[in-house]
Amino acid sequence: MKNTCELKTLILHDCTLDSSALGELAIGLTKNTSVQTLDLSKNLIRRPGVHGLNTFAGLQAFAEMLATSTSLLYVNLANCRLRDRGADSLHEALKANSCLQTLDLSGNMIPANHPIWGDTRVIGNAIKHVD
């Protein structure tokens with residue numbers, strides 16, 4: 001008799017994960033088919049004042065993983081300092097993913113007119129103005 005244990009919920013709330021760590025996590029999640037709930041809220045995925053391709057690569061890898069995931073049902077990216085560009089990648093991932101039920105983007109810096117808010121699976125509060 002084989003004894004197996006599957007991880008269904010992964011909570012990494014407020015763990016100071018940055019874009020690089022998110023990229024590594026995406027690699028692991030690509031190989032994992034048991035995680036259904038992922039909480040990455042309150043991480044510095046998009047650190048303030050840091051610019052360049054390296055700050056975006058991890059989020060792009062995560063979006064690519066999300067696009068093909070058949071196990072993730074709920075992803076919490078609340079308060080991760082995401083902006084338009086990150087929302088663009090996530091929006092494209094949502095178009096390809098029919099399994100995800102909820103994506104929480106509360107507390108990010110995504111404008112109210114961004115098309116991601118039109119997806120009924122996305123919850124959160126859009127900001128009125130970005131400085």
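Biologist: How many helices and strands are there in the chain?

Modeller: The chain holds 3 helices and 5 strands. Keep in mind that this is a predicted model. Along the sequence, the elements follow the pattern β-α-β-α-β-α-β-β.

Biologist: In what order do the strands form the sheet, and is the pairing parallel or antiparallel?

Modeller: The general idea comes before the case. Strands of a sheet pair through backbone hydrogen bonds, and the pairing is either parallel or antiparallel. Here the 5 strands form an open sheet, ordered β1-β2-β3-β4-β5, with parallel pairing. Its edge strands are β1 (9–11) and β5 (122–123), each of which pairs on one side only.

Biologist: Take one pair. How many bridges join strand β2 to strand β3?

Modeller: Strand β2 (residues 37–39) and strand β3 (residues 74–76) run parallel and are joined by 3 bridges. For an example, look at T37: its bridge partner in β3 is Y74.

Biologist: Now the helices. What should the 13 residues of α1 span?

Modeller: At 1.5 Å a residue, they should span 18 Å. The end C-alpha atoms of α1 are 19 Å apart, which agrees.

Biologist: Which residues are buried in α1?

Modeller: Use the cut-off: buried means under 20% relative accessible area, and exposed means over 50%. In α1, the buried residues are S19, L22, G23, L25, A26 and L29. They lie on the same side of α1, because they cover an arc of only 165 degrees around the axis. S20, E24 and K31 are exposed on the other side of α1.

Biologist: Which residue caps the N-terminal end of α1?

Modeller: D18 does. One of its side-chain oxygens lies 3.2 Å from the backbone nitrogen of S20.

Biologist: And in α3, which residues are buried?

Modeller: G86, A87, S89, L90, H91, A93 and L94 are buried in α3. Two of these, L90 and A93, are among the contacts of L66.

Biologist: Where is the place of L66?

Modeller: L66 sits in helix α2 (residues 54–68). It counts as buried because its relative accessibility is 0%. Now look past its neighbours within four places in sequence. L66 is in contact with L72, V75, L90, A93, N97 and L100. Compare sequence with space as well: L66 and L94 are 28 residues apart in sequence, yet 7.6 Å apart in space, C-alpha to C-alpha.

Biologist: On to the loops. Is N43 buried or exposed?

Modeller: N43 is placed in the loop between β2 and α2. Its relative accessible area is 1%, so N43 is buried. Then ask what its polar side chain reaches. The side chain of N43 comes to 2.8 Å from the backbone oxygen of L12. A polar atom of that side chain also lies 2.8 Å from the backbone nitrogen of L17. Beyond residues up to four places away in sequence, N43 touches L12, H13, D14, C15, T16, L17, N79 and C80.

Biologist: What does S34 touch?

Modeller: S34 is in the loop between α1 and β2. With a relative accessible area of 12%, S34 is buried. A polar atom of the S34 side chain lies 2.8 Å from the backbone oxygen of L7. Setting aside residues up to four places away, S34 touches E6, L7, K8 and S71.

Biologist: Last, the whole chain. What percentage of the 131 residues count as buried?

Modeller: 42% of them do. The accessible surface of the chain is about 7,400 Å², and carbon and sulfur atoms make up 52% of it. Among contacts with a separation of 6 or more, 70% join residues 24 or more positions apart.

Methods: Residues numbered from 1 in each chain as written. Predicted model: local features only at pLDDT ≥ 70, side-chain atom pairs only at ≥ 80, totals over all residues. Heavy atoms only, no water. Helix = DSSP H or I, 4+ residues; strand = E, 2+ residues; numbered from the N terminus. Buried < 20%, exposed > 50% of the residue type's maximum accessible area, 1.4 Å probe, protein only. Contact = heavy atoms within 4.5 Å. Pairing = 2+ DSSP bridges. Areas by Shrake-Rupley, 256 points an atom, 1.4 Å probe, with all protein chains shown as cover. Polar contact = N/O pair within 3.5 Å; in protein donor to acceptor, adjacent residues only side chain to side chain. Expected span 1.5 Å × (residues − 1). Arc of directions from axis to C-beta.
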